[in-house]
Amino acid sequence: MTADKKQTALIIEDNEDNMVLIAMLLQDAGYETICADTGLKGVQLALGQEPDFVLLDIQLPDINGAEVLKRIRALDADVAGIPIIAMTSYAMSGDREKLLAAGCDGYIEKPIDTMHVIDQIRAIVGDT
Ligand code: MN
């Protein structure tokens, strides 16, 4: 174990403002970030970069978040089991149970709660 090894977050989000905000908050908290603005790019980056966890928007321009979740879980690699956190708006709260049942590890609310989102993420993925 290397104490100063940074965890890498893959952010799959097509809304640029939201992507920049969450990336900035994660970087300020000491995480590395990589970003994808479509579901397919996200799946490719998950396989190629093997991030430590994923933040996943549900409404994406190509394949939706539920499909991204399914495809990452189906990857034939260590990355298949990584924590995946859905980013859902209140309007989609009815989908949360479905996402959790489909293998999502948790969710955070949109709009992002800038004061608490890092704690929310740590509570799901752990501190190390
Ligand atoms: Mn979106």
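Visitor: Before we start, what do buried, exposed and partly exposed mean here?
Guide: Buried means under 20% relative accessible area, exposed means over 50%, and partly exposed lies in between, with a 1.4 Å probe and protein chains only. This is a predicted model, in which local features need pLDDT of at least 70 and side-chain atom pairs count only at pLDDT 80 or more, while totals for chains, interfaces and linings use all residues. Residues are numbered from 1 along each chain as its sequence is written, and side-chain values use heavy atoms, with hydrogens and water left out.

Visitor: Which residues coordinate the manganese ion?
Guide: Asp14 (OD), Asp57 (OD) and Gln59 (O) coordinate the manganese ion at 2.0 to 2.1 Å, where donors are N, O and S atoms within 2.8 Å of the metal (3.2 Å for Na, K and Ca), and the site may look incomplete because water is not among the atoms.

Visitor: Switching topic, which residues touch the most other members of the largest nonpolar core?
Guide: Those are Ile12, Val54, Leu56, Val68, Ile72 and Ile84, in a core of 22 residues; a nonpolar core is a set of buried Ala, Val, Leu, Ile, Met, Phe, Trp, Tyr and Cys residues joined through side-chain atoms within 4.5 Å.

Visitor: What does Val68 touch?
Guide: Leaving aside residues up to four places away in sequence, Val68 touches Ile12, Gly39, Val43, Leu56, Leu60 and Ile63, contact being heavy atoms within 4.5 Å. Apart from that core lies another, of 18 residues, including Ile11 and Met87.
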